[in-house]
Structure formats: C-alpha cells, structure tokens
Amino acid sequence: MLEILTGTGLAFAAGLNAYIPMLLLGLGARFVDFIELPANWAWLENEWVLGILAVLLVIEFFADKIPAVDSVNDVIQTVVRPASGGIVFGSGSASETAAVTDPAAFFSSNQWVPIVTGVVIALLVHGAKTAVRPVANAATFGLAAPVLSFAEDVSSVTLSLFAILIPVLVIVAIAGLIVLFVVLRRRRMAATREGDGHSMVPSD
C-alpha cells in the first residue's frame with residue numbers, strides 16, 4: 001500500500017512540475033541515506049542527470065510564471081510531465097525509503113504497470129493544470145500566472161516529500177488539491193455565466 005501512495009504522490013507532483021520529484025529523488029538517493037534506488041533507476045542520482053534536471057527546473061520555474069509563455073510551456077510539458085510521472089512512479093515505488101522497506105514484494109512482476117500508471121496520473125494532473133491556467137490569466141490580466149505557478153511548485157515539493165517520507169499524508173494532500181481545483185472550477189463557471197448574463201442585457 002505504501003508503495004502505491006509513494007508512486008502516486010510522486011506522479012501527481014510530476015503533473016504539476018516535471019522536474020521537482022525527479023530532482024528530489026535523485027538528490028535524496030545521492031546525498032541522503034533514506035532513499036535507495038533500485039539498479040534500473042540508479043541513473044537518477046548521476047551528477048550529470050542531476051545537473052540537467054536542475055537547469056531544466058530553473059527554466060521551468062521562470063517560464064511558468066510569465067503569462068502566455070506559461071501556456072506555450074504547458075504545450076511542451078504535455079510530453080515531459082507524463083514521462084516524468086512514469087519515471088518517478090516506477091522508481092519511487094520500487095525504491096527503499098524511510099517509509100517503504102520492501103518494495104520488491106509489491107512490484108515483483110509487470111514492471112511496466114507502475115510506469116504506465118504514473119504516466120496516466122501525471123497526464124490527468126497536467127490536463128487539469130493546463131485547463132485552469134489560461135482562464136485564470138484572462139480573468140486576472142495575467143496576474144494569476146506567477147501566483148498559481150508558485151503554488152503549484154510548493155505543492156509539488158510538498159507532495160514529493162510526503163511521498164518519500166510519510167506516504168499516508170499523500171491522501172490528504174491530493175484530496176486537498178482536488179477540492180481546491182473543484183472550487184476554482186465552480187467559481188470560473190459562475191463567473192462565466194454571470195458574464196454571459198450581463199452580455200445579454202439590452203442596452204438603452
């Protein structure tokens with residue numbers, strides 16, 4: 001069960017930001033004792049891989065906070081985030097961490113299953129993020145872009161740490177994010193209906 005929560009939390013985080021969970025996994029495996037990646041995923045802790053991920057994270061950090069540029073970035077990330085989700089679900093759920101001590105007992109066969117699961121989870125999260133951002137930017141004249149992006153980055157870091165250290169909290173974190181998304185979506189729909197109602201009022 002903990003393996004599923006670890007993989008889900010990391011894949012969900014990848015849907016928000018592709019590079020944060022990968023970088024945290026790699027750094028944790030290289031410099032901290034509480035993550036031990038399986039042999040197939042050991043490349044994540046390679047110094048060159050970590051360096052490339054760090055550079056890509058910096059680029060993503062700034063690009064995602066600029067109105068219009070963030071929408072272009074989301075198009076590019078339609079491939080990157082699901083791929084990252086597959087990687088972190090596969091590597092995270094198969095890793096030995098402070099919370100997961102026997103990952104091989106769960107994923108002893110069908111190694112493709114966690115990867116595909118991670119891809120699907122990250123793609124769904126990415127799709128929700130991509131749907132909300134342009135509307136929020138239009139409603140706030142671009143002011144929402146940096147605020148939403150920063151909140152997504154913080155959520156990605158938090159989810160990744162929960163997934164690695166305290167997987168049970170992943171349930172609470174994801175539930176909170178889903179509720180927030182639903183609330184924002186309802187507000188957007190209400191604002192849209194109100195705007196359409198005003199546009200139908202005949203002028204004198």
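Q: Hi! Where does N73 sit in this one?
A: Hello! In this predicted model, N73 lies in helix α4, which covers residues 69-93.

Q: Buried or exposed, that N73?
A: N73 counts as buried, because its relative accessible area is 9%, and the cut-off for buried is under 20%.

Q: And what does N73 touch, leaving out residues up to four places away in sequence?
A: With those set aside, N73 is in contact with E60, A63, D64 and R81.

Q: Okay, stepping back. How many helices and strands are in the chain?
A: The chain has seven helices and two strands.

Q: What pattern do they follow along the sequence?
A: Reading along the sequence, you get α-α-β-α-α-β-α-α-α.

Q: How much of the chain counts as buried?
A: The figure is 41% of the 204 residues.

Q: And what about the accessible surface of the chain?
A: That comes to about 10700 Å², and carbon and sulfur atoms hold 74% of that surface.

Q: What share of the contacts with a separation of 6 or more comes from residues 24 or more positions apart?
A: Such pairs account for 74% of those contacts in the chain.

Q: Which residues make the contact?
A: From α1 there are L5, T6, G9, L10, F12, A13 and L16, and from α6 there are E152, S155, S156, L159, S160, A163 and I164. Sorted by class, the contact of α1 with α6 has eight nonpolar, five polar and one charged residues.

Q: Nice. What about α2 and α6, at what angle do they pack?
A: Helix α2 (residues 19-31) and helix α6 (residues 144-165) pack at about 40 degrees, with axes 9 Å apart. That angle makes α2 oblique to α6.

Q: Left-handed or right-handed for α2 and α6?
A: α2 passes α6 in a right-handed crossing.

Q: Which residues meet there?
A: On the α2 side, I20, P21, L24 and L25 meet D153, S156, V157, S160, L161 and I164 of α6. By class, this contact of α2 with α6 has seven nonpolar, two polar and one charged residues.

Conventions
Residues are numbered from 1 along each chain as its sequence is written. This is a predicted model: local features need pLDDT of at least 70, side-chain atom pairs count only at pLDDT 80 or more; totals for chains, interfaces and linings use all residues. Side-chain values use heavy atoms; hydrogens and water are left out. Axes are lines fitted to C-alpha atoms, for helices over the stretch in contact, and angles run from 0 to 180 degrees between N-to-C directions. Helices (H or I, at least four residues) and strands (E, at least two) are DSSP runs, numbered from the N terminus. Angles under 35 degrees count as roughly parallel, over 145 as roughly antiparallel, 65 to 115 as roughly perpendicular and the rest as oblique. A crossing is left-handed if the near helix is turned anticlockwise from the far one by less than a right angle, and right-handed if clockwise. Contact means heavy atoms within 4.5 Å. Ala, Val, Leu, Ile, Met, Phe, Trp, Tyr, Cys and Pro count as nonpolar, Asp, Glu, Lys and Arg as charged, and the others, Gly among them, as polar. Buried means under 20% relative accessible area, exposed over 50%, partly exposed in between (1.4 Å probe, protein chains only). Accessible areas come from the Shrake-Rupley method with a 1.4 Å probe; for residues, only the protein chains shown count as cover.
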